[in-house]
Amino acid sequence: MDSIVHRSTEPGAPPGTLAGRPPVGEEALHFTLVEYSQDEVKVDHEVTVAECSFQLSTPTKTWINVAGRASAQMLKSLGDAFHLHPLALEDVFHSHQRPKLDIYDQQGFVVLNDPLYLGDEIKPRQVSIFFGDGYVISFHDETEDIFRPVRERILQAGSRLRRKGIDYLVYALVDLVVDRKFPVIEKVSARLEALESEALDKPGTATLKRIHQARRALVSFHRIQWAERETVLALMRPEVPLIEKETRTFMRDCFDHTVAVMELIESYREMAGSLMEVYLMDSSNRMSEVMKTLAIITAFFMPLSFLTGIYGMNFEVEKGNMPELKWEFGYIFFWCMVLIVVSSLFFWMKRRRWF
Amino acid sequence: MDSIVHRSTEPGAPPGTLAGRPPVGEEALHFTLVEYSQDEVKVDHEVTVAECSFQLSTPTKTWINVAGRASAQMLKSLGDAFHLHPLALEDVFHSHQRPKLDIYDQQGFVVLNDPLYLGDEIKPRQVSIFFGDGYVISFHDETEDIFRPVRERILQAGSRLRRKGIDYLVYALVDLVVDRKFPVIEKVSARLEALESEALDKPGTATLKRIHQARRALVSFHRIQWAERETVLALMRPEVPLIEKETRTFMRDCFDHTVAVMELIESYREMAGSLMEVYLMDSSNRMSEVMKTLAIITAFFMPLSFLTGIYGMNFEVEKGNMPELKWEFGYIFFWCMVLIVVSSLFFWMKRRRWF
Amino acid sequence: MDSIVHRSTEPGAPPGTLAGRPPVGEEALHFTLVEYSQDEVKVDHEVTVAECSFQLSTPTKTWINVAGRASAQMLKSLGDAFHLHPLALEDVFHSHQRPKLDIYDQQGFVVLNDPLYLGDEIKPRQVSIFFGDGYVISFHDETEDIFRPVRERILQAGSRLRRKGIDYLVYALVDLVVDRKFPVIEKVSARLEALESEALDKPGTATLKRIHQARRALVSFHRIQWAERETVLALMRPEVPLIEKETRTFMRDCFDHTVAVMELIESYREMAGSLMEVYLMDSSNRMSEVMKTLAIITAFFMPLSFLTGIYGMNFEVEKGNMPELKWEFGYIFFWCMVLIVVSSLFFWMKRRRWF
Amino acid sequence: MDSIVHRSTEPGAPPGTLAGRPPVGEEALHFTLVEYSQDEVKVDHEVTVAECSFQLSTPTKTWINVAGRASAQMLKSLGDAFHLHPLALEDVFHSHQRPKLDIYDQQGFVVLNDPLYLGDEIKPRQVSIFFGDGYVISFHDETEDIFRPVRERILQAGSRLRRKGIDYLVYALVDLVVDRKFPVIEKVSARLEALESEALDKPGTATLKRIHQARRALVSFHRIQWAERETVLALMRPEVPLIEKETRTFMRDCFDHTVAVMELIESYREMAGSLMEVYLMDSSNRMSEVMKTLAIITAFFMPLSFLTGIYGMNFEVEKGNMPELKWEFGYIFFWCMVLIVVSSLFFWMKRRRWF
Amino acid sequence: MDSIVHRSTEPGAPPGTLAGRPPVGEEALHFTLVEYSQDEVKVDHEVTVAECSFQLSTPTKTWINVAGRASAQMLKSLGDAFHLHPLALEDVFHSHQRPKLDIYDQQGFVVLNDPLYLGDEIKPRQVSIFFGDGYVISFHDETEDIFRPVRERILQAGSRLRRKGIDYLVYALVDLVVDRKFPVIEKVSARLEALESEALDKPGTATLKRIHQARRALVSFHRIQWAERETVLALMRPEVPLIEKETRTFMRDCFDHTVAVMELIESYREMAGSLMEVYLMDSSNRMSEVMKTLAIITAFFMPLSFLTGIYGMNFEVEKGNMPELKWEFGYIFFWCMVLIVVSSLFFWMKRRRWF
């Protein structure tokens with residue numbers, strides 16, 4: 001039902017244990033190292049941990065991006081090289097953490113989420129960002145190179161990213177992850193719009209299932225977004241180290257976006273709930289239509305069948321029973337009766353607004 | 001589903017990017033420049049940005065109103081002339097921001113919303129107001145000249161607007177945008193009243209769709225109003241620069257109005273929800289009526305048809321079967337049976353309160 | 001739908017505008033002036049504004065009560081005489097404000113509500129109270145003399161009202177308005193009790209409409225009471241001028257009453273919601289009963305009609321078809337078949353607990 | 001609907017009025033006076049107010065318990081003897097106050113509630129406790145001697161009650177009233193369990209009414225308990241006079257109990273709401289069953305009746321019409337047709353999982 | 001309904017009473033004593049209270065674990081030996097307390113819950129942890145040895161547990177109890193997933209009951225988890241004695257887990273509610289299908305039966321009545337009529353999308 005559940009560390013294992021994770025697919029890891037200062041920039045793909053740790057001591061700003069889920073071994077050596085806190089490493093290793101900000105001395109650890117919308121499900125994908133004096137290390141659950149736009153901005157000489165400190169890079173990464181929710185929510189919106197016309201125009205039995213799934217996806221998305229909003233808010237607090245005042249102004253803009261996404265999700269949840277009601281009522285309306293037709297047909301033909309039944313009886317006409325049968329205009333008399341029954345029923349139903 | 005979604009900046013674009021907006025209609029821009037002091041006032045329509053920026057250095061108070069959505073070029077030159085923050089300019093450019101107050105040093109940036117009620121939808125239209133020492137710059141998404149009442153009050157010699165500082169002008173603009181919700185909410189109220197009598201008196205299949213749409217419009221309106229209430233509240237905080245204490249008293253009155261609107265929206269949302277329930281029950285009532293009629297007709301004619309069926313059977317009367325058929329008063333006997341069946345069913349139904 | 005909506009001031013009008021109100025009925029205004037000190041008291045009915053303003057300068061405590069809605073002219077002269085704030089006067093003029101407390105320097109302005117319960121609607125009626133050093137001016141939307149009990153307590157020598165300051169008079173007025181909700185809520189309670197027995201015992205089509213209206217009235221009442229609770233709470237804050245500590249103890253008692261009313265309204269809202277559900281289920285139960293009867297009748301008579309149909313067929317008996325028709329006990333055989341069908345259906349239904 | 005409503009004081013009556021209460025039954029009052037110190041204890045039943053007030057000046061601790069509702073006269077003399085605040089006395093007199101804590105100088109006034117569960121209703125019964133330096137006066141709405149367990153603990157030499165101050169007695173009384181909710185909630189729980197099996201196993205028309213009443217009782221109980229929780233929390237605040245730090249530790253335990261009761265009530269309310277849904281669905285399921293049976297019977301016998309109808313027609317066989325009637329195996333042919341119709345319908349229904 | 005209800009202490013009993021508990025099953029108690037310092041560790045199973053209390057005075061860290069519910073006698077001697085507060089002992093004795101943290105001077109008392117998921121019920125099992133200077137005493141309601149993983153980590157030389165103080169042991173125990181919720185919630189998730197496919201694919205009458213039970217279990221679980229979250233949060237407060245700053249960092253990780261569990265429970269509750277709606281709608285859909293079939297069959301065969309009825313009437317053909325009966329192609333004419341009726345009904349239904 002929800003992939004956040006699957007924690008595989010045994011309860012009681014020591015904190016910081018990098019073991020017991022369900023086997024991760026064959027995803028090759030992509031290391032990208034970006035070394036930059038105001039004047040120059042150097043990008044290396046597929047570097048080793050050793051190369052990375054060497055860069056730490058240089059005065060330039062270092063950004064290491066790891067795309068794909070790292071092995072315990074790799075995380076341990078990275079952790080040693082950059083003095084990353086074991087609890088934080090455990091969170092990166094097991095993935096599926098809720099977004100949060102942890103501050104270890106002179107090091108910040110941000111967990112965000114970059115959900116993938118699969119039509120009827122939200123697949124959470126963790127993004128982890130460590131930042132310290134002069135370096136940022138970012139992790140993404142999949143090998144997708146989501147941070148390319150930021151890298152390209154670094155490559156532009158004179159860009160704000162080059163001019164400003166490492167905290168502005170943190171902002172740029174967080175802002176990108178936050179803004180990636182807008183395309184997701186546009187897809188959700190399109191999906192709901194489609195479901196809405198489906199529910200209002202031609203609801204089928206699968207419509208219900210689809211609305212239910214859309215709703216479930218929104219519940220998951222809401223939970224992720226709620227925590228992400230909190231995380232960005234936490235990043236704006238003055239006591240967070242390394243983030244400077246000017247960057248906080250930008251962070252505020254980013255926070256506004258998380259709030260906007262949050263509100264949209266809430267509206268859509270309400271919409272989905274309302275859609276279910278609409279579906280329910282519509283199906284009840286259709287049934288009501290069917291029943292009315294049933295009732296009308298029954299109301300017309302039951303009395304008529306009774307009439308035919310009467311004249312189908314075998315009482316002995318000779319004994320004076322059922323004189324109508326012997327009348328010359330008996331049959332016409334019968335059809336007049338039918339006409340009277342039909343027209344009076346018609347007007348009675350008309351008055352009750354059955355038509 | 002909701003036009004707030006459509007952000008077209010690429011995730012990862014540098015903040016303050018004025019690009020990527022969906023093409024805006026052919027709306028001509030209207031610049032209006034109002035220069036005023038306690039003693040004199042000068043109004044210029046259709047001025048250029050250059051003329052505006054010249055006025056900045058004069059000791060008179062300057063109010064520039066831009067009706068219609070500005071191009072990136074125009075915004076950039078305005079931004080340079082008045083030192084507007086790039087993040088704020090981006091918000092003006094892309095429009096569809098949620099209401100908010102941002103404070104950049106010695107400059108305030110207020111985003112409000114002036115929604116248009118289109119019968120079954122709320123179309124958000126952004127209003128942006130920059131204010132600084134001696135100037136106010138206001139933007140409205142459409143070319144509609146909504147601020148004329150304020151301009152006319154400035155034209156009146158001795159009016160409070162002329163006597164007081166630029167902060168009072170900010171208040172007057174905000175107050176006008178806030179009060180423009182009252183006519184909107186009156187329309188919403190009228191719509192709901194109409195839907196209510198429709199639902200209670202003659203509900204049709206379209207009623208459901210209409211209630212659903214009204215509800216959706218209220219959800220959007222609520223989201224806008226919620227943020228606007230927060231924004232006005234933020235404007236009342238003592239740390240907001242330029243707004244003086246006396247103006248805050250007026251702002252409080254304005255805040256009361258946002259709260260009143262908020263509460264009305266909430267009542268109407270609750271009403272719309274309750275209307276859906278009423279509709280559901282009413283339609284279930286009608287169906288229940290139809291079913292009852294069906295049951296009554298069936299209950300009367302089924303036994304009668306059985307009766308006619310019996311005397312329509314062809315057992316050999318000669319062998320002593322079905323002696324009733326040979327009776328002299330057989331047919332009268334049959335009608336007595338019919339009478340007995342009908343009247344006993346009638347009293348039974350009467351006792352069960354089916355009529 | 002809700003009379004609070006109808007604000008008729010044009011958006012953009014200067015604050016404090018006393019114009020544009022929908023015409024008010026022919027209600028004569030009643031001015032009552034009460035001058036009192038610990039030792040003496042003087043009550044004048046139907047005084048003029050000029051007489052009132054004269055009393056302001058005397059050392060005695062002055063209470064002016066205005067019953068009925070005042071004209072712009074009258075309010076303006078009152079405002080000049082007592083230095084009332086234009087924003088507050090506007091609130092009195094337009095009426096239908098939500099309850100609130102505004103503090104202008106050395107003057108308090110309390111808006112309360114004295115709703116009238118009209119069976120299926122709550123009609124809000126504004127009560128406005130200005131208080132300052134030595135005077136209280138109270139307004140009530142209608143000419144009803146609701147404050148007579150307080151006036152009579154002032155007339156009693158040695159009463160607490162005479163002994164204490166003007167703040168105790170404010171408390172007495174607020175307390176009276178708050179306590180006037182108890183009879184209203186008793187009526188609401190009686191109404192709901194009546195609707196409850198209606199819904200449980202003999203629900204009709206009008207029941208639904210009545211529950212819906214009762215619910216709507218409660219939503220309005222809730223909104224008013226919520227704001228009133230906030231207002232009384234605000235009056236208890238130490239920073240409110242003129243209200244002394246001892247009076248705050250009494251105000252607390254008054255606050256307890258607003259909370260009690262609030263909780264009752266909330267219970268009743270929940271009750272009304274639950275009533276709707278009960279109504280829905282009950283009507284579904286009744287329909288279910290009807291359907292069951294329909295099914296039982298159909299189940300009995302359909303097979304029987306089939307039986308009669310068989311023996312009504314015209315196959316040539318001579319050719320050996322349908323030998324039953326020639327049997328001597330054919331008719332008795334038919335009735336035995338009927339008995340078997342009826343009794344086996346009866347036991348089958350019995351076992352399924354249809355009876 | 002709810003006995004808390006019936007306030008009989010006229011709005012506008014001076015605060016502290018001991019009049020206008022609906023006549024109270026013939027309940028004899030029971031005064032119990034307990035005088036105790038660490039070393040000795042004296043219990044007097046049925047004492048007079050005069051005797052009580054004499055005890056006030058003694059150095060021993062005094063506890064007066066009044067079981068049954070006191071007359072205005074009695075309260076006034078008690079009030080004079082112990083300097084009880086008139087507002088508090090009014091609350092005792094009129095009863096049906098919501099639980100609260102009022103602090104008058106050097107005197108505390110606690111209102112609690114000891115509800116009686118009457119199967120389908122919660123009857124609130126007020127408990128009022130005054131406490132001051134060296135004395136406690138407790139009131140209970142009914143003559144039931146609920147405080148006997150505490151009195152018996154005082155009688156035990158060396159008990160904590162004897163050793164500690166008057167604040168521990170207050171705690172003991174409050175704790176007892178709080179703990180008396182546990183048996184009540186056990187009854188509620190048993191009731192809901194019974195209703196649950198009723199709703200799931202054999203729901204009748206009365207089930208609905210019972211669930212509705214249980215829900216209403218829970219709403220009342222919740223309101224009382226909410227206020228009581230607040231009251232006990234208020235008693236734990238350091239600024240409450242006379243309550244010492246050590247007693248606050250015990251009070252915390254008592255607070256835990258109010259929270260536990262609160263949570264149980266909330267769970268039960270949720271349960272009751274869910275029960276209604278279950279009932280609704282179950283009844284809809286049963287109806288669905290009945291309808292299915294109806295549909296099956298109709299589907300089988302309608303085509304069969306049509307068949308018999310065909311061969312009951314009187315077309316002239318001689319003219320070559322309806323040759324089947326003349327066939328030798330016409331009747332057997334008819335029964336084969338019946339078999340084919342029945343079996344094909346049977347398999348069609350089987351496939352649609354109607355059985 | 002809920003085992004938390006059954007408090008068996010009489011209301012009014014003195015606090016700290018260890019009596020009146022319902023008889024506890026024959027569960028043997030298991031005492032485990034762990035004595036450890038950085039260098040050595042000693043584990044004794046099945047020790048006596050006397051042996052335990054002796055260890056208190058040694059400089060090594062002492063952890064006593066009691067699995068199974070202790071008798072009053074045993075608790076009293078433990079309480080004397082370790083100076084445990086009587087209120088805390090009462091909570092251990094009666095069990096079924098909500099999770100909480102109590103601080104008595106220099107001693108902490110944590111109550112947690114280790115719920116057991118029984119498919120359709122959550123059985124709460126209390127875990128109590130006392131901690132003081134150099135010792136921890138833990139209790140678990142059942143004899144299950146849940147703390148073995150922690151004991152094994154202590155046995156490992158050089159483990160963080162050995163190196164750090166007693167507060168880290170407290171953290172390890174709390175963390176284990178918190179993490180034990182993950183397997184429980186995985187079971188809940190699996191159960192809901194199963195119920196979801198049941199409700200969407202083949203809902204039966206038992207499905208409803210099962211969803212209702214799952215929902216009830218979630219309500220209980222939510223209540224427990226809510227309090228546990230609060231408890232862990234309370235443990236992180238700086239004013240809690242003995243817990244050092246470094247351990248608080250670990251505690252924060254533990255708190256994150258409680259929040260994650262909380263959010264999952266809330267999602268699942270929402271899911272369960274939505275499942276009920278899905279079930280309701282699905283069952284209404286199925287019924288609607290059945291009704292439609294009924295209506296279609298009736299609509300086809302009622303007119304046809306009327307037709308057969310007409311030609312089954314016995315009007316005297318000789319008198320010129322019913323000439324059709326004498327036609328040569330009368331029977332074929334009849335079948336043409338049938339065809340016309342059937343096909344026109346078919347197209348009419350097709351157009352109304354009944355198929």
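Buried, in this tour, means under 20% relative accessible area, exposed means over 50%, and partly exposed lies in between. The model is predicted.

**Stop 1: a salt bridge in chain A**

Select A:Arg151 and A:Asp145. Their side chains meet in a salt bridge, with 2.7 Å from N to O. Are the two partners buried or exposed? A:Arg151 has a relative accessibility of 8%, under the 20% limit, and therefore counts as buried. A:Asp145, at 32%, counts as partly exposed.

**Stop 2**

A:Arg180 sits in the loop between helix 6 (166-179) and helix 7 (181-201) of chain A, while A:Asp114 is in the loop between strand 5 (107-113) and strand 6 (116-117), so the pair ties together parts that are 66 residues apart in sequence. A:Asp114 is buried, with 2% relative accessibility.

**Stop 2: a pair within one helix**

Move to chain D and show D:Lys292 and D:Glu289. This pair makes a salt bridge in which the closest N and O atoms are 3.8 Å apart. Both residues belong to helix 9 (residues 245-310) of chain D, and being three residues apart they are separated by about one helical turn. D:Glu289 is partly exposed, at 35% relative accessible area.

Over all chains, the count of salt bridges comes to 112.

**Stop 3: the interface of chains B and A**

Display chain B together with chain A. Their contact involves 64 residues of chain B and 68 residues of chain A. The area buried between the two chains is about 5,900 Å², and carbon and sulfur atoms give 64% of that area.

How many salt bridges are found across the interface of chain B and chain A? There are five. To look at a salt bridge between these chains, select B:Arg269 and A:Glu270, where the closest N and O atoms are 2.3 Å apart. The interface of chain B and chain A also has 19 residue pairs in polar contact, both residues being at pLDDT 80 or more.

Next, colour the elements of chain B that supply at least two residues each to the side touching chain A: helix 3 (86-94), strand 4 (100-104), helix 8 (205-235), helix 9 (245-310) and helix 10 (330-351). Which helix of chain B gives the most to this side? Helix 9 does, with 19 residues. The residues on the side of chain B that touches chain A divide into 33 nonpolar, 13 polar and 18 charged.

**Stop 4: the interface of chains E and D**

Display chain E with chain D. Here 64 residues of chain E are in contact with 68 residues of chain D, and the buried area is about 5,900 Å². Between chain E and chain D the count is six salt bridges. For one of the pairs, select D:Glu263 and E:Arg98, whose closest N and O atoms are 2.8 Å apart.

The copies use different surfaces, with 17% of the contact residues of chain E recurring in chain D.

**Stop 5: chains that do not touch**

Show chain A with chain D. These two chains do not touch, and their nearest C-alpha atoms are 9 Å apart. Chain B and chain E likewise have no contact, with their closest C-alpha atoms 9 Å apart.

**Stop 6: positive phi in two loops**

Finish with the backbone. A:His83 has a positive phi of about 55° although it is not a glycine. A:His83 is found in the loop between helix 2 (72-82) and helix 3 (86-94) of chain A, and is exposed, with a relative accessible area of 64%.

In chain D, select D:Glu46, a non-glycine residue with a positive phi of about 55°. D:Glu46 lies in the loop between strand 2 (41-45) and helix 1 (49-55) of chain D, and counts as partly exposed at 47% relative accessibility.

How values were computed. Residues numbered from 1 in each chain as written. Chains lettered and ligands numbered in written order. Predicted model: local features only at pLDDT ≥ 70, side-chain atom pairs only at ≥ 80, totals over all residues. Heavy atoms only, no water. Contact = heavy atoms within 4.5 Å. Buried area = accessible area lost by both parts, 1.4 Å probe. Salt bridge = Lys/Arg side-chain N within 4 Å of Asp/Glu carboxyl O. Polar contact = N/O pair within 3.5 Å; in protein donor to acceptor, adjacent residues only side chain to side chain. Helix = DSSP H or I, 4+ residues; strand = E, 2+ residues; numbered from the N terminus. Nonpolar A, V, L, I, M, F, W, Y, C, P; charged D, E, K, R; others polar. Buried < 20%, exposed > 50% of the residue type's maximum accessible area, 1.4 Å probe, protein only.
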